[in-house]
Amino acid sequence: MIEVKQNNDEKHGSFEAVIDGNRAGLMTYTWAGEDRLIIDHTEVEDAYNGKGVGKEMLIKAVEFARENNKKIIPLCPFAKATFQKNEDLRDVL
């Protein structure tokens with residue numbers, strides 16, 4: 001099971017994926033004003049490639065945006081591609 005934890009401060013934040021106590025991936029973002037966050041980087045540890053770790057972190061970011069009435073700007077190529085493939089996530093763009 002993939003657990004995703006969020007870390008957030010006034011300027012930056014991240015979503016960290018953990019599997020069985022091991023860090024599986026990290027998605028970082030920067031705040032653009034009070035209403036938007038820019039996803040600028042996504043990385044998944046080699047051992048967890050192809051297991052949906054990146055998408056789980058993006059889903060958590062989308063849930064956070066929806067719950068807090070925020071918008072996401074996907075600068076990271078992975079996030080941008082995932083939004084293009086998943087129409088159901090695009091309401092936060």
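Predicted model: local features only at pLDDT ≥ 70, side-chain atom pairs only at ≥ 80, totals over all residues.
Helix H2 spans residues 77-85. Three of its residues, Ala79, Thr82 and Phe83, are buried. Viewed along the H2 axis, the buried residues fall within an arc of 100°, so they line one face of the helix. The other side of H2 carries the exposed residues Pro77, Gln84 and Lys85. Cover for the buried residues comes from several elements, including strand E4 (36-44), helix H1 (53-67) and strand E5 (71-74).

The packing of H1 with H2 was examined next. The two helices pack at an angle of about 75°. Their axes lie 11 Å apart. Angles of 65 to 115 degrees count as roughly perpendicular, and H1 is therefore roughly perpendicular to H2. On the H1 side, the contact is made by Gly54, Lys55, Leu58 and Val62. On the H2 side, Phe78, Ala79, Thr82 and Phe83 take part. The residues of this contact divide into 5 nonpolar, 2 polar and 1 charged.

A search of the whole structure returned 3 salt bridges. In one of them, the side chains of Glu43 and Arg23 meet at 3.0 Å, N to O. This pair links distant parts of the chain. Glu43 sits in strand E4 and Arg23 in strand E3 (residues 22-32), 20 residues apart. Glu43 is partly exposed, with a relative accessible area of 29%. Arg23 is also partly exposed, at 35% relative accessibility.

Another salt bridge joins the side chains of Asp91 and Arg66, at 2.6 Å, N to O. Asp91 lies in the segment after H2 and Arg66 in helix H1, so the pair ties together parts that are 25 residues apart in sequence. Asp91 has a relative accessible area of 42% and is partly exposed. Arg66 counts as partly exposed at 40% relative accessibility.

The remaining salt bridge is formed by the side chains of Glu63 and Lys60, at 4.0 Å, N to O. Both residues belong to helix H1. They are 3 residues apart, which means a separation of about one helical turn. Glu63 is partly exposed at 33% relative accessibility. Lys60 is partly exposed at 35%.

Key. Residues numbered from 1 in each chain as written. Heavy atoms only, no water. Buried < 20%, exposed > 50% of the residue type's maximum accessible area, 1.4 Å probe, protein only. Helix = DSSP H or I, 4+ residues; strand = E, 2+ residues; numbered from the N terminus. Arc of directions from axis to C-beta. Contact = heavy atoms within 4.5 Å. Axes fitted to C-alpha atoms, helices over the stretch in contact; angles between N-to-C directions. Parallel < 35°, antiparallel > 145°, perpendicular 65-115°, else oblique. Nonpolar A, V, L, I, M, F, W, Y, C, P; charged D, E, K, R; others polar.
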